[in-house]
Amino acid sequence: MAAFSPLTDPSIGPSLRSRGPFADPDYTPEFGSDSISESKILVIGAGGLGCEILKNLVLSGFRDIHVIDMDTIDVSNLNRQFLFRKEDVGRSKAIAASEFVMRRIRRGVRITPYFGKIQDKPKEYYRGFTLVICGLDSVEARRWINATLVDLAAEGDIVPMVDGGTEGFRGQTRVIIPTISSCYECSLDLLPTKRTFPVCTIANTPRLPEHCIEWAHQLLWPKNFPQRKFDADLEQHVDWIYDQALFRANEFGIEGVTRSLTLGVVKNIVPAIASTNAIIAASCCNEAFKFVTSCNPVLDNYMMYSGDQSVYSYSFCLEKKPDCPVCGSLAQDLTVPRFFTLQELLDLVAEKPKFQLKAPSVATSDRNLYLRFPEQLETLTRPNLELKLIDLISESEELLITDRSLPLSLKLRVRFTGDSERPKDSGNLSLIR
Amino acid sequence: MTQSVPVATNIGSLVAVLLTQFEPFEISEMDGDNNSRYDRQLRLWAASGQSLLEASHVCLINATSLGCEALKNLVLPDDAKVGAMDLSSNFFLTEADLDCPRASAVLRNLLELNPNVSGNALVCDPVSKLSDIGFWEGFSVVIVCGGHSSTVDSLSDLLWSLKIPFIRLLLSGFYGSIKVNVPEKALTDSHMELKGDLRLDQPWPKLLQHVNAIAFEELDDTEHAHIPPIVIVVKAFQKWKNETKCFPENRKEKEELRLAIGSLQRSTNEQNFDEAVDLARKLTNSKKIVLPLKPYLTMLNDIDWNSNISPFWFYLLALKQFLDQNNGLPPLSGDLPDMASDTKSYIILQRLYREKAEEDFLKFHAILHDLLRELEKSVEEFTDETSRLFCKNSRQVIVQHGTHHQVSKKLENENDDIMKAIYLCLLATTETNHTQKASLEDIERFVKSSCERYTITLSDETLESVSEEVIRTYGSETANIASFMGGIAAQEVLKQLTNQYVPLDNCLVFDGIRSVTSSFEV
């Protein structure tokens, strides 16, 4: 086996061994070649996008690749996650993918798998990478790695993140240079919100098959099995929901409850096809290649792709938000009614698309208002939840909100408006937890 | 074709291709392994799309990959041997394959992906197959990667005459292009998001009767808060029409109608009335809706019905008669969106819409079959399923007219000069044959003569940079760009084979340096 050399490689060599007409004037082939050979890349996710990303990175000349995934292989992955075979069902995705790629491409590439969560690793672990590529299907995981990388950048170590995502025929690629370009959190409110149904529709006036399924899933299951958590991966659980939903649908004369729809609703399944993953993963790896080698300019900083109505893509620069809870320094203004309790403020922070902090703790610059951990402090601060906000803080006082699941802190400046008495019919209607 | 011709060796999408394929599929609830395996894609194109994929045959020429979702038989006519370039950029070749016939080696490694796909590797020069029409007739789609222009053009002409979709891919360094050659195609299942055809201004008798029977003032508060918004708008509009004798056209009139609806609201908690106001805002005059098919209706007079024309024209003729008999109103789709309402009222309304849609379909179906009899056309091609689809979606059916040439005056409509230059430079690389590598001068000469011939403007500066980039990376295929283009090709094959969604019409260029794409008609 001949030693691999980026400059003489027939596929990437021509792009690297001369300076192209669109490249930075300072580019040199030695720089491009050395950078790619010495780089250390982290791939987060070894699923549909991850499999493609690993393959592309290896063929693009990267030598030292690490991959993290907490999932095991399921049979429904086999239609697009091409590094897995039927025999692999049940194995770790990270390990199986690494083995396959190393077996196929024997040019001394080292792929180091980790079967577990990204949160298992300390901040120091992430400091050592040249670049991180995410092929994830979880918003929470993206927020976590984004906040961690911004944290590192604040300490002077910039590790860029290339993030890919797909749904059906559509997808997007973005390049995040922490603290320099906009970060993932800056655009949190751009995410499409999950389709939800009001509880009163589900409970009283179902019209769609989905309403019947959610009734069985959200209301009936907890009532019938208070001790057992619903698990969408267990066939018996899904079957039970399906039977109940079907019964209710028949009762109301609603058509269209099927097992496939039931599974789609309870698992919130996003349709996925191999070709879209191929496109987005390729675009992510192309940006990673250009970034590491400097052989051509890098996407600044967002490209969306859609292939269902002809083929259309749009690349643009998403601006940084000065009051972003992760990469901004400014506090955000939030106006709430005078009658709001601390609990209601926390509910709002959990619901609002631009915050989405599900387990928040709150403090001012000199006192704790509500802390979730440790237990003693939780007990001590819990009575505050029922108190009116206006009695706890002064107007325009800055609140610091943290969430144990995310390394970020949201600065809020609360202003009050309206009556201090709660209007009669408002109740807790607007905020269903 | 031989080795020195630039060949796209995409990886990603060939994967896409084979993994979608599987053995005969049953339309049942997903209970077995196979249904689970394809669960994520069935949610996009359903069992009907999947069975079309299953029955298809895709031909890939001169390449080691490129996506086509679903093929029963994969045929790779290719006489190249596996070389260093292939090993460097193709995931489906290993060092053990060096100097083996490329087609066979790739096929072996690809079929391993999905045990349910079958394929043939043909180690031959496609030129020798050009006269063998029977060979080509068996394919649903043919894909060519790279290749010399003279061969590809002959093949393109042949496939065009056989009405077989043909996809041509070109690649160099960070650039790629895809051209889709498909003769006239009517898209009946485009999955387009459409404004509902609820007929709020043109209720049919049964709907009107239903609405009239509901006396708002006699309802208690709970019932009142659950009247379906559609009922509210139909009622309010009827009243408006009786008083003003007109359709609310301008802003002022529309505002008046909305106020009229708002005045019926008993409390601000009545969400159904809020929705009714929204619905009224989007109220369109059903008689003024312009069908995308309208321009074709006028072409019906010039059709020679005895010639070999596609079923589309017969459907169109039936639609025209339907419109003539129904005050210009197309068949109702029957779909009812969700709305604030109690269950019973909603179900009643849903049934009214479905019954009307079924009634319209039966009418359309009768017209169609009368016509077919009259024109002595066999009914075989006109299954209930396809007739239903056309009828239900007739308001949104669009027609695409493909082309099979590579360059035309229309290229001038593309605003981005760099994209024009990339496309023409990529085409220029197919002009040289394997005995000589194109020079910078060759490429620029070809581009300039094309620009002159088709009156396309292109600045010298742009051409200089782009051609320099192309010559710098000439013949090299990187995994990333190949995978990107292959993925797009896979999606196009999917759309062609399932007859769902809207295909590319008809050319796309990718600039991987600036990370942008442009699509345009050639």
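**Exercise 1. How are H3(A) and H11(A) oriented to each other in this predicted model, and which residues do they bring into contact?**

*Solution.* Start with the two numbers you'd want for any pair: two packed helices are described by the angle between their axes and the distance between the axes.

- Step 1: get those numbers. The axes of H3(A), residues 48-59, and H11(A), residues 274-293, come within 8 Å and cross at roughly 45°.
- Step 2: name the arrangement. Angles under 35 degrees count as roughly parallel, and 65 to 115 as roughly perpendicular. H3(A) and H11(A) are therefore oblique to each other.
- Step 3: The crossing of H3(A) past H11(A) is right-handed.
- Step 4: list who touches whom. From H3(A) come Gly48(A), Leu49(A), Glu52(A), Ile53(A), Asn56(A) and Leu57(A), and they meet Asn277(A), Ala278(A), Ile280(A), Ala281(A), Ala282(A) and Cys285(A) of H11(A).
- Step 5: sort them by class. The contact of H3(A) with H11(A) has eight nonpolar residues, three polar ones and one charged one.

**Exercise 2. Now try H14(B) and H16(B): at what angle do their axes cross, and how do the contact residues divide by class?**

- Step 1: H14(B) covers residues 311-325 and H16(B) covers residues 384-392; their axes come within 11 Å and cross at roughly 55°.
- Step 2: that angle makes H14(B) oblique to H16(B).
- Step 3: H14(B) passes H16(B) in a right-handed crossing.
- Step 4: H14(B) puts in Phe312(B), Tyr315(B), Leu316(B) and Leu319(B), while H16(B) supplies Thr386(B), Ser387(B) and Phe390(B).
- Step 5: by class, the contact of H14(B) with H16(B) comes to five nonpolar, two polar and no charged residues.

**Exercise 3. Is the crossing of H17(B) and H19(B) left-handed or right-handed, and which residues make the contact?**

- Step 1: take H17(B), residues 417-428, and H19(B), residues 460-472; the axes come within 9 Å and cross at roughly 45°.
- Step 2: H17(B) and H19(B) are therefore oblique to each other.
- Step 3: the hand of the H17(B) and H19(B) crossing is right-handed.
- Step 4: on H17(B), the contact uses Asp417(B), Ile418(B), Ala421(B), Ile422(B) and Cys425(B); on H19(B), it uses Thr462(B), Leu463(B), Val466(B), Ser467(B) and Val470(B).
- Step 5: for H17(B) with H19(B), the tally is seven nonpolar, two polar and one charged.

**Exercise 4. How many residues of chain A are in contact with chain B, and how many salt bridges cross the interface?**

*Solution.* Go from the totals down to a single pair.

- Step 1: count residues. Chain A has 80 residues in contact with 84 residues of chain B.
- Step 2: look at area. The two chains, A and B, bury about 6,600 Å² between them, with 57% of it on carbon and sulfur atoms.
- Step 3: check the charges. The rule finds two salt bridges across the interface of chain A and chain B.
- Step 4: zoom in on a pair. Glu255(A) and Arg354(B) form a salt bridge, with their closest N and O atoms 3.0 Å apart.

**Exercise 5. Where do Asn301(A), Asn506(B) and Gln356(A) lie, and what is the backbone doing there?**

*Solution.* Keep the background in mind: most residues other than glycine have a negative phi, and most peptide bonds are trans.

- Step 1: Asp300(A) and Asn301(A) are joined by a cis peptide bond with omega about -10°. Asn301(A) sits in the loop between H11 and strand E7 (302-306) of chain A.
- Step 2: the bond from Asp505(B) to Asn506(B) is cis too, omega being near 0°. Asn506(B) is in the loop between helix H20 (479-498) and strand E9 (507-511) of chain B.
- Step 3: Gln356(A), although not a glycine, has a positive phi of about 50°. Its place is the loop between helix H12 (342-351) and strand E10 (360-363) of chain A.

Technical notes:
Residues numbered from 1 in each chain as written. Chains lettered and ligands numbered in written order. Predicted model: local features only at pLDDT ≥ 70, side-chain atom pairs only at ≥ 80, totals over all residues. Heavy atoms only, no water. Axes fitted to C-alpha atoms, helices over the stretch in contact; angles between N-to-C directions. Helix = DSSP H or I, 4+ residues; strand = E, 2+ residues; numbered from the N terminus. Parallel < 35°, antiparallel > 145°, perpendicular 65-115°, else oblique. Left-handed = near helix turned anticlockwise from the far one by under 90°. Contact = heavy atoms within 4.5 Å. Nonpolar A, V, L, I, M, F, W, Y, C, P; charged D, E, K, R; others polar. Buried area = accessible area lost by both parts, 1.4 Å probe. Salt bridge = Lys/Arg side-chain N within 4 Å of Asp/Glu carboxyl O.
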